[in-house]
Amino acid sequence: MSTLTVRLSDVEDQALKLACEQSGKSKSEVVRELLSDSLKTYRLRQALQQAHAELSASARQSGWLTEDDILQDVR
Amino acid sequence: MKVFLDTNVWLSATVFAGLCEAIVLESHQRHRLLTTRLVQQEAHAVLRRKFPHISHAPALFDAVWSQAECVADVDEPAKDNDARLVRAAQSAGAAVFVTGDRRVLSWGLESVGMQILSPRQAWLLLSGQAQ
């Protein structure tokens, strides 16, 4: 397991301490959980953005102008 | 809440930014997003047919789709993939099945234990805006 040092603002530090108190977990545990969830969402957003960038223009050229066209076309 | 998306919703989310994309993100972040291999197979077939010049279109889809939790497919009825997906969702305990297919939406009135909703209806429910 590696170590990462991160500078937090006073507001972020207070929010983290509050989360630790409420959950009974350590700062490391809370930050690891938050990071894990955030990275999953980040990967999904990145995948969506890349797909849109590579497919939407071709979709319009081939007759799918909006998402409604896909919803009606794909059964 | 367990949420299962029909193939047309996955494809809409993958190709265009908009409501279906928002449903995927909301389901992933705040609920449990379920899928099956049949969704992937159907999506790949459509993408290969629609985008023959983009050979990696299925890979782009997989990068999005693979973020969902894959549950078991249902084999019957063999000639009706829509019914198979609905049954797979029910078997996995999904509370919501989201589709743009009017035929499947019409089954919503008879569906027991699972709502079959349009993307708009699903968005209102999943985001907590439903009345």
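**Entry: H1 of chain B**

I started with helix H1 (residues 7-15) of chain B, where nine of its nine residues are buried, so I noted the helix as mostly covered. I listed them in order: Thr7(B), Asn8(B), Val9(B), Trp10(B), Leu11(B), Ser12(B), Ala13(B), Thr14(B) and Val15(B). I am working on a predicted model.

**Entry: the A/B contact**

Next I looked up how the chains meet. I found 23 residues of chain A and 29 residues of chain B in the contact. On the side of chain A, helix H2 (27-61) and helix H3 (67-73) are the elements that give two or more residues. H2(A) gives the most, with 14 residues. I sorted the chain A side by class and got 10 nonpolar, eight polar and five charged residues.

**Entry: Lys27(A)**

I checked one residue of H2 in chain A, namely Lys27(A). Beyond its neighbours within four places in sequence, Lys27(A) is in contact with Leu16(A) and Cys20(A). I also took the C-alpha separation from Arg7(A), which is 20 residues away along the chain, and got 13 Å.

**Entry: the nonpolar core**

I then went to the largest nonpolar core, which has 49 residues. Which residues have the most contacts inside it? They are Val3(B), Ile23(B) and Val98(B). H2(A) supplies the largest share of this core, six residues. In general, nonpolar side chains tend to be buried together in soluble globular proteins.

Leaving aside neighbours within four places in sequence, its contacts are Val3(B), Leu5(B), Asp6(B), Val9(B), Ile23(B), Leu117(B), Pro119(B) and Ala122(B).

**Entry: H7 of chain B**

Just after H7(B), I noted a positive phi of about 80° at Gly128(B).

Helix H2 (residues 19-30) and helix H7 (residues 119-126) pack at an angle of about 35°, and their axes are 10 Å apart. The crossing of H2(B) and H7(B) is left-handed. H2(B) brings Leu19(B), Cys20(B), Ala22(B), Ile23(B), Glu26(B) and Ser27(B) to the contact. H7(B) brings Pro119(B), Arg120(B), Ala122(B), Trp123(B) and Leu126(B). By class I recorded eight nonpolar, one polar and two charged residues.

**Entry: H5 of chain B**

I repeated the check on helix H5 (residues 81-91) of chain B. Its buried residues are Leu85(B), Val86(B), Ala88(B) and Ala89(B). They cover an arc of only 160° around the axis, so they sit on the same side of H5(B). An α-helix has 3.6 residues a turn, so residues three or four places apart point the same way.

What do the buried residues of H5(B) pack against? I listed strand S1 (2-5), strand S2 (32-35), helix H3 (37-50), strand S4 (96-98) and helix H6 (102-105), all of chain B.

I took H3(B) for a closer look. H3(B) and H5(B) pack at an angle of about 145°, with axes 10 Å apart. I recorded their crossing as left-handed. Leu38(B), Val39(B) and Glu42(B) of H3(B) meet Asn81(B), Arg84(B) and Leu85(B) of H5(B). That contact divides into three nonpolar, one polar and two charged residues.

**Entry: the loops around H5 of chain B**

Just after H5(B), Gly93(B) takes a positive phi of about 80°. I then moved to Ala94(B), in the loop between H5 and S4 of chain B. Why does Ala94(B) count as buried? It has 24 C-beta neighbours inside 10 Å, and the cut-off is 20 or more. Outside four places in sequence, Ala94(B) is in contact with Lys2(B), Val3(B), Phe4(B), Leu34(B), Ala89(B) and Met114(B). Lys2(B) is 92 residues from Ala94(B) in sequence, yet their C-alpha atoms are 4.6 Å apart.

Last, I checked the loop between strand S3 (69-70) and H5 of chain B, where Pro77(B) sits. The peptide bond joining Glu76(B) and Pro77(B) is cis, with omega about -5°.

Notes
Residues are numbered from 1 along each chain as its sequence is written. Chains are lettered from A and ligands numbered from 1 in the order in which they are written. This is a predicted model: local features need pLDDT of at least 70, side-chain atom pairs count only at pLDDT 80 or more; totals for chains, interfaces and linings use all residues. Two residues are in contact if their C-beta atoms, placed from the backbone, lie within 7 Å. Helices (H or I, at least four residues) and strands (E, at least two) are DSSP runs, numbered from the N terminus. Ala, Val, Leu, Ile, Met, Phe, Trp, Tyr, Cys and Pro count as nonpolar, Asp, Glu, Lys and Arg as charged, and the others, Gly among them, as polar. A residue is buried if 20 or more other C-beta atoms lie within 10 Å of its own, exposed if 12 or fewer, and partly exposed in between; C-beta atoms are placed from the backbone. The arc is that of the directions from the helix axis to the C-beta atoms. A nonpolar core is a set of buried Ala, Val, Leu, Ile, Met, Phe, Trp, Tyr and Cys residues joined through C-beta atoms within 7 Å. Axes are lines fitted to C-alpha atoms, for helices over the stretch in contact, and angles run from 0 to 180 degrees between N-to-C directions. A crossing is left-handed if the near helix is turned anticlockwise from the far one by less than a right angle, and right-handed if clockwise.
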